[in-house]
Amino acid sequence: MRIAVLGAGAIGCLVGGLLAAAGHDVALIGRPARLAPVVGGGLRVRLAGGRSIASRPAVYGDPLQAGADWGVPDAVALTVKAFDVGEAVRMLQDAWPAVPFIVAFQNGIGTEDYLAGVFGPERVVAGTVTLSATLQGGEVVVFNRSGGLALAPVPGGEEACRRLATAWTGLPVPLAVASHAASLKWSKLLLNLVGNAVGAILQWDVHRLFRHPLAARLEHQSLREAVMVGRAAVPAFIDLPGYPVRSFARLVEWLPSGLFARLVGPMAARGRGGKLPSVALDLAAGRARTESPYLHGAVAREAASRGLDAPLNAALASLIEELAANPGLHQRYRDQPEELWRFLEARGLRP
Ligand SMILES: NC(=O)c1ccc[n+]([C@@H]2O[C@H](COP(=O)([O-])OP(=O)(O)OC[C@H]3O[C@@H](n4cnc5c(N)ncnc54)[C@H](OP(=O)(O)O)[C@@H]3O)[C@@H](O)[C@H]2O)c1
């Protein structure tokens, strides 16, 4: 298959490298600075077990340039962050308005529905990656051993998902196929939420967060809200490559906070492979945008639309937006769980 990967960051280069290893013709489209090392030395994916996979995908600065030189793809893997999807879609509409398949690899909720509205559901497939990765020059470094890719259809896109799953066999990591995009994305969301908001605000990794009683309680309560809302929003949570999400959701519901922190905290920290959650990295870098509106914000919006309560997710999402907009304010919360507690109490929350 000819696959254009739009957004050559950690996940774009990972997905591109895995697809190239399976024999597909891959074009990576991304920022010139990110792609310069790939132009020079090719692309390497270093899996956590030590295996390294090398490839030489075609490399372009934008889809129009790729279209003129490399041609028209059979599928586009969209690997920009959720807040960049709108701009990426405009580029795709200009270059390849009739591309047969678009796979949305964003974490969080909402991208697939948006793409289905623009391109038609028969062309859109939901994708997810349960490998934690970072890009270092021309090398993607994967932190966790267990993990892989998963695909699922949006309503009306079942044939697209079936055809893509058939074509994408032979990847060097597991590829799972689920039956509902919403179940796939809400299941991945539960994993993404772990340590993400509280960790971003305090700038703590998951390991440290679960060892602090106050932070661990906040974390557990916000996850409880997400499980409650997710159960109302989708037919079922599903297990993802390397991650038994269904059992995780039950542990979130059943265990008291202290026990949850002691039992699940170390596992969750291992699942991250020592990497800070994405929202924490974005705030640390002083970026004005994070994916929080698609993560905790999505939990709060879904709750509101169903008459449910997810006040902690709403409060955490709004504080993260405030910190992203005013980086100077972050100093007040960094390493200060009591300050976060006061922020929540001022909003009538006593987790
Ligand atoms: N990293 C992980 O371990 C991981 C794991 C699973 C899922 N995910 C999800 O996968 C998605 C991508 O994450 P990531 O970690 O790969 O992010 P990333 O490293 O920031 O990569 C995204 C890349 O897309 C580029 N980009 C944005 N708009 C573009 C455009 N219009 N044209 C060309 N390039 C564009 C960005 O450039 P600029 O930054 O210069 O705008 C950036 O280089 C996110 O939704 C994330 O939550 C990540």
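**The sheet and what packs on it**

Eight strands, in the order S5-S2-S1-S6-S7-S8-S11-S12, form an open sheet with mixed pairing. Its edge strands are S5 (58-60) and S12 (175-177), each of which pairs on one side only. From one strand to the next, the twist averages 25 degrees.

A word on terms. Helices (H or I, at least four residues) and strands (E, at least two) are DSSP runs, numbered from the N terminus. Two strands count as paired if DSSP finds at least two bridges between them. Angles run from 0 to 180 degrees between N-to-C directions, with axes fitted to C-alpha atoms, for helices over the stretch in contact.

The model is predicted: local features need pLDDT of at least 70, side-chain atom pairs count only at pLDDT 80 or more, and totals for chains, interfaces and linings use all residues. Residues are numbered from 1 along each chain as its sequence is written, and side-chain values use heavy atoms, with hydrogens and water left out.

Now to S6. S1 and S6 are parallel, paired over 4 bridges, and Ala4 has Val76 in S6 as its bridge partner. S6 also runs parallel to S7, again joined by 4 bridges, with Ala77 opposite Val103 in S7.

Which residues of S6 are buried on its two sides? Ala75 and Ala77 are buried on one side, Val76 and Leu78 on the other. Buried means under 20% relative accessible area, with a 1.4 Å probe and protein chains only. In a regular strand, side chains alternate between the two faces of the sheet.

Helix H4 (residues 85-95) packs on the sheet, touching S1 (2-6) and S6 (75-78), and its direction makes about 160 degrees with that of S6. Contact here means heavy atoms within 4.5 Å. S6, H4 and S7 make a right-handed β-α-β unit; that is, with the strands pointing away from the viewer, the path from the first strand over the helix to the second runs clockwise.

Further along the sheet, S8 (residues 124-129) and S11 (residues 149-153) are antiparallel, paired over 5 bridges. Val125 stands opposite Pro153 in S11. Helix H7 (residues 181-193) lies across S7 (101-104), S8 and S11, at about 25 degrees to S8.

Finally, the whole chain. The protein chain has 16 helices and 12 strands. Buried residues make up 56% of its 351 residues. Among contacts between residues at least 6 apart in sequence, 71% join residues at least 24 apart. The C-alpha atoms fill a box of roughly 60 × 40 × 35 Å along the principal axes.

How values were computed
Buried means under 20% relative accessible area, exposed over 50%, partly exposed in between (1.4 Å probe, protein chains only).
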